[in-house]
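This briefing goes through the fold, the relation between the copies and the packing of the structure shown below. Please keep the sequence and the coordinates at hand while reading.

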Number of protein chains: 2
Amino acid sequence: MIVQRRGDDAYETPMYEGAGRIGVDWYFRDSTRLAVNTMVYHLEPGAEEGEHLHLHGDDASCSTDDADELYLVISGEVVMTVEGESTVLGPGDAAYAPTASRHGVRNVSSHPAELVLLWGRPQV
Amino acid sequence: MIVQRRGDDAYETPMYEGAGRIGVDWYFRDSTRLAVNTMVYHLEPGAEEGEHLHLHGDDASCSTDDADELYLVISGEVVMTVEGESTVLGPGDAAYAPTASRHGVRNVSSHPAELVLLWGRPQV
């Protein structure tokens with residue numbers, strides 16, 4: 001069985017010029033055969049992932065490939081923004097950002113928040 | 001923005017002849033373009049997903065397609081078994097069950113547990 005424990009592949013980084021730093025656990029980064037990348041984001045109060053987009057060939061893109069992205073809140077509360085529209089997500093809530101949409105997430109609460117992030121090339 | 005709230009696509013079911021019932025939230029079941037299915041499992045104490053496998057063309061397979069499966073614990077504690085090997089997973093821990101491996105998960109603790117499940121065809 002392939003097992004990864006919390007912290008086995010973890011780092012902390014500012015993200016897309018967002019405020020503060022985000023703690024990241026990246027799961028099965030080299031071993032997965034699923035067609036998505038799987039991460040957990042840890043956002044302290046005030047931390048944010050700056051708005052960004054994924055679109056092949058676009059100068060503003062942060063990735064060379066197209067990517068759809070799914071955000072699923074594990075704990076705490078965040079504000080998710082996609083294409084200028086914002087909503088509050090709590091535990092068990094999720095948002096989906098299609099390729100080419102500008103999106104980002106912020107913790108404007110007074111408690112830590114955690115999310116699962118999945119991203120990969122859209123199947124069309 | 002496409003948003004799904006906890007409970008929007010939820011059901012409860014026994015799973016692969018495991019004990020008890022599992023609460024399932026299935027995310028973006030019809031709208032995702034990612035090449036994985038995304039679920040959250042809610043396991044009360046004593047609940048289990050019976051052991052099963054995914055292998056195209058195998059009579060014992062519970063799916064018609066090959067599928068790799070990733071289990072990531074959100075909260076609580078579970079026992080994960082893959083090919084007869086068992087380990088305890090806590091929050092932030094994850095296990096990966098490749099196509100054709102027999103696997104299942106049990107909550108043998110006295111508290112509820114939640115996991116994110118991802119499965120899809122392996123990229124080879």
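Which residues of the largest nonpolar core touch the most other members? In this predicted model, they are Leu72(A), Val116(A), Leu72(B) and Val116(B), out of the 24 residues that make up that core.

- Leu72(B), when residues up to four places away in sequence are not counted, touches Tyr27(A), Val40(A) and Val116(A) in chain A, and in chain B its contacts include Gly92(B), Asp93(B), Ala94(B) and Val116(B).
- In soluble globular proteins, nonpolar side chains tend to be buried together.

**Relation between the copies**

**Fold and dimensions of chain A**

- Chain A holds 0 helices and 11 strands, and its C-alpha trace spans about 40 × 40 × 25 Å along the principal axes.
- The radius of gyration of chain A is 14 Å, which agrees with the value near 14 Å for a compact globule of 124 residues.
- Of the 124 residues of chain A, 52% count as buried, and among its contacts between residues at least 6 apart in sequence, 57% join residues at least 24 apart.

**The four-stranded sheet**

- An open sheet of 4 strands with antiparallel pairing has the order β5-β10-β7-β8 in chain A, and its edge strands, β5 (48-52) and β8 (85-89), each pair on one side only.
- Neighbouring strands of this sheet are turned by 20° against each other on average, direction ignored.
- Strand β7 (residues 78-82) and strand β10 (residues 103-106) of chain A pair in the antiparallel sense over 4 bridges, and the bridge partner of Thr81(A) in β10(A) is Gly104(A).

**A loop residue in chain B**

- Ser61(B) lies in the loop between β5 (48-52) and β6 of chain B, where, leaving aside residues up to four places away in sequence, Ser61(B) touches Leu53(B), His54(B) and Leu55(B).
- Is Ser61(B) buried or exposed? Its relative accessible area is 15%, so Ser61(B) counts as buried, the cut-off being under 20%.

Definitions and conventions. Residues are numbered from 1 along each chain as its sequence is written. Chains are lettered from A and ligands numbered from 1 in the order in which they are written. This is a predicted model: local features need pLDDT of at least 70, side-chain atom pairs count only at pLDDT 80 or more; totals for chains, interfaces and linings use all residues. Side-chain values use heavy atoms; hydrogens and water are left out. Two strands pair if DSSP finds at least two bridges between them. Helices (H or I, at least four residues) and strands (E, at least two) are DSSP runs, numbered from the N terminus. Axes are lines fitted to C-alpha atoms, for helices over the stretch in contact, and angles run from 0 to 180 degrees between N-to-C directions. A nonpolar core is a set of buried Ala, Val, Leu, Ile, Met, Phe, Trp, Tyr and Cys residues joined through side-chain atoms within 4.5 Å. Buried means under 20% relative accessible area, exposed over 50%, partly exposed in between (1.4 Å probe, protein chains only). Contact means heavy atoms within 4.5 Å. The radius of gyration is taken over C-alpha atoms; the globule rule is 2.2 Å times the number of residues to the power 0.38.
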